[in-house]
Amino acid sequence: MAEERPEIQGVNQSIYDFRYETHASFETDAGLTPEIVEQISKEKNDPDWMREFRLKSLEIYQKTAVPNWGPPLDGLNMDQIITYVRPNTTMRGKWSEVPDDIKNTFERLGIPDAEQKSLAGVGAQYDSEVVYHNVKDEVARQGVVYTDMESALRGPYADLVKEKFMHLVPPTDHKFAALHGAVWSGGSFVYVPAGVHVDIPLQSYFRLNAAGAGQFEHTLIIVEPGAYLHFIEGCSAPKYNVANLHAGCVELYVGKGARLRYSTIENWSKNMYNLNTKRALVEDDGIMEWVSGSFGSHISYLYPMTILQGNDSHMDFTGITFAGKTQALDTGAKVVHNGRNTSSHISTKSISKDGGVCVYRSEVIIGKDAVGAKSSVNCDSLMLDSKSRSDTIPAMDVRNADSDVGHEAKIGRISDEAIFYLMSRGLSEEDARAMIVSGFAEPVAKELPLEYAVEMNNLIKLEMDGSTF
Amino acid sequence: MGEQNILKVNPLPTLTWNHLMLNFANMPLEAASSKKADIPSEFKDIETGMGREFVSFVESHASYVRIIRAGKGEDLGVIKDEKAGIASEIILIEAGEDSRVTFYTHASDSVQDGQITRLVKVIAGPRAQVTVIQSQTVGNGCLVGDDFGAVVGDEAKVRLIQSELGGKAAFAGGCAALKGYKADFTEETIYFGDESRRLDFSYVTRHTGKKTTTSILANGALFGNADKVYRGSMDFIHGCSKSKGREAENVLLFSPTARNRSIPLILCDEEDVDGQHAASIGKINKDLMYYLQSRGLTENQARQLAVESRFNPVIDEIPDEAVREEIHASLERRMNLD
């Protein structure tokens, strides 16, 4: 009996695996040259500083080596990646005005549905451009700004955008941050004024439809002192045989006493190179909360980073990674404690099956002045078969004596004792295994708002053969 | 004096972010011309914790190579290193079936300058029990490299104890290839960093045999401007089913200018294993300090007690009372900061 394990299926991708012919109004040639970057800048009607910023980033990109650590990036040929694809539409504020094929895509993903039911605002990006943006009136009346990055560059917050854009993640950070600086397109700008509590989450959805394309959206969120925001992002793409690239950048500014929760459910298709960079800067008494689910993509490098700059600031990271066949998902978190009495807690779960590779990678840095800092890291890895792989690579760098850093990691399979116990309570072996895997993923699921769970359920639908659970 | 070589030692078994400077350590060693030591072929390919560059350096510089062979069922007792404290030495131990051997080397504070590089390689046959103790309390002018590698056979038990308490910089490593069924490896390290001492460690266990077990435990204390790096890696290789590994590191920090870096790895491509690691880095528990002081101890005495209670299980393993006393006296002197 023990040898015949029930098959635990990976994440059901089929509902995302649909695509439409691309009818782009403008496409750059494959590959990356200063001319292409100039062309993107011109097409996007960039301010001068942004055009210069792009060209400088390209120089850095060309000088910077690809990482010598992490999963292989050999399959990624930048000469073949179309960096910028603009859908044949301008941005709409009404759902009915969005062209049919794009609208159908998002309707299948449940975006308008989710908006009607539970969200304060929605932004939808199709390939390189934001095609839909809407904020509920009552949220807008509170002074909350939720718009696409291009509008933000020219709107009343232009100076603020200029000051903050790629300030937390400079193009010198790594090769793909430099690439992002050169070819970024689309994304969201959110501004929450001081003291405003946005009761219901804002959502943004990224969809890459064109084959062999790259998506480089930039998300900039500023939560002023005492304000609160929950921002949810979801990502998906259909399957193609050529490699797609996602090198987005997320910059989050959490003001004094403010709180920001940033939830991501990522389910890119299995040919995607997801090389995303996310970073948050937290001021005094601020709270940054990350909820991160990584299910899709072929290769992922994803380590949301938090800089606890202010005194008494706090960070919480809850993550789950599920790597199946052909996937190598290198995920984790980074935290830098600079302020006094700062605290951080990282809790991650990873599941590997069918030859999938999960890597948990992290760094916890306690700076010289971070007196009274506390950090705890907890990571659990579950191996569902012996074809798969799971590695844990956590680094800690402590530079002052008045701090406490704890780390715990566990790796293993579903224990026979747990199965035996559940079976003795009347469950079949299949149901017992299914229940244990669901329970393992539970800490992340419970961090998401109930309304969003409908879509989340679609994304992490674990099919257990023969299970009734 | 020869020319200085910068060796890449203590490599991490898999790479991570370069900016952390944890992927390997740079070890500056004085090179002298010497003939290559003659190493029997069965010992040549044994992986060590400090890595190929260090092994190659020691093989080119060792003025003393000793081969210890324990025959089937033989108990060699404790073998002391008669050349302890020389610049470079290689000890090769082959323990046959059901044999027992303990090798012990200590470099004392009579060595104040220069460099000491020590390499021990072990082949443990079925049910053999081998213990290697590398200890040093050398002076602040001396550079130390303590390396170890073992191949552990069926039901054999190999134990490595490293006590790194002195030197201007101490690099130490250990690697065990757990090839046999129920092969077992235990590693215990204590280290003491004060003044501007640099400490750098790397331990790796490669589990290939079934039901293999590992226990790695490090206890350290950092004072002054000490800078320490600890790498501990358990590698569960496909096929090592029912293997188990435990790794823990406890670091007590006493100085705002000391720096501690730790990177405990688990690498795994076998489902049926149980691996756990834990690290605890920080100041002494306030309640413990309060309790000890309420019992009449001064702050310094309380600190000493906390450090020594963690170090004693390892110090007690040193089979030489005079050395144990030397270590206690040295720790007491160095912790007496008032």
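Colleague: In which sense do strand E10 (residues 218-223) and E13(A) of chain A pair, and over how many bridges?

Modeller: Two strands pair if DSSP finds at least two bridges between them. Strands (E, at least two residues) and helices (H or I, at least four) are DSSP runs numbered from the N terminus. In this predicted model, E10 and E13(A) pair in the parallel sense over 6 bridges. A:Leu220 has A:Glu251 of E13(A) as its bridge partner. E13(A) also pairs in the parallel sense with strand E16 (residues 277-282) of chain A, over 6 bridges, and there A:Val254 has A:Val282 as its partner.

Colleague: How many of the residues of strand E13 (residues 249-254) of chain A are buried?

Modeller: A residue is buried if 20 or more other C-beta atoms lie within 10 Å of its own, exposed if 12 or fewer, and partly exposed in between, with C-beta atoms placed from the backbone. In E13(A), 6 of the 6 residues are buried, so the strand is largely enclosed by the rest of the structure. In a regular strand the side chains alternate between the two faces of the sheet. Here A:Cys249, A:Glu251 and A:Tyr253 point one way and A:Val250, A:Leu252 and A:Val254 the other, all of them buried. In chain A as a whole, buried residues make up 55% of the 469 residues, and the chain has 11 helices and 27 strands.

Colleague: How many residues does each chain give to the contact between A and B?

Modeller: Two residues are in contact if their C-beta atoms, placed from the backbone, lie within 7 Å. Chain A gives 32 residues and chain B gives 37. On the side of chain A, strands E23 (357-366), E25 (389-398) and E26 (403-412) are the elements that give two or more residues. Strand E26(A) runs antiparallel to strand E18 (residues 273-282) of chain B, joined by 9 bridges; A:Gly412 stands opposite B:Asp274 in E18(B).

Colleague: Is B:Lys210 buried, partly exposed or exposed, and where is its place?

Modeller: B:Lys210 counts as partly exposed because it has 17 C-beta neighbours inside 10 Å. Its place is in the loop between strands E13 (198-207) and E14 (213-222) of chain B. Leaving aside neighbours within four places in sequence, B:Lys210 is in contact with B:Tyr181, B:Cys240, B:Ser241, B:Lys242 and B:Ser243. Chain B has 5 helices and 18 strands, and 51% of its 338 residues count as buried.

Colleague: Over which residues of chain A is the pLDDT under 50?

Modeller: The predictor's confidence in each residue is its pLDDT, from 0 to 100. Where pLDDT is low, the predicted coordinates should not be read in detail. Chain A averages a pLDDT of 81, and 73% of the residues score at least 70. The pLDDT stays under 50 over residues 1-6 of chain A, for which the model has 8 contacts beyond four places in sequence. Over residues 460-469 of chain A the pLDDT is below 50 as well, with 31 contacts beyond near neighbours in sequence.

How values were computed:
Residues are numbered from 1 along each chain as its sequence is written. Chains are lettered from A and ligands numbered from 1 in the order in which they are written. This is a predicted model: local features need pLDDT of at least 70, side-chain atom pairs count only at pLDDT 80 or more; totals for chains, interfaces and linings use all residues.
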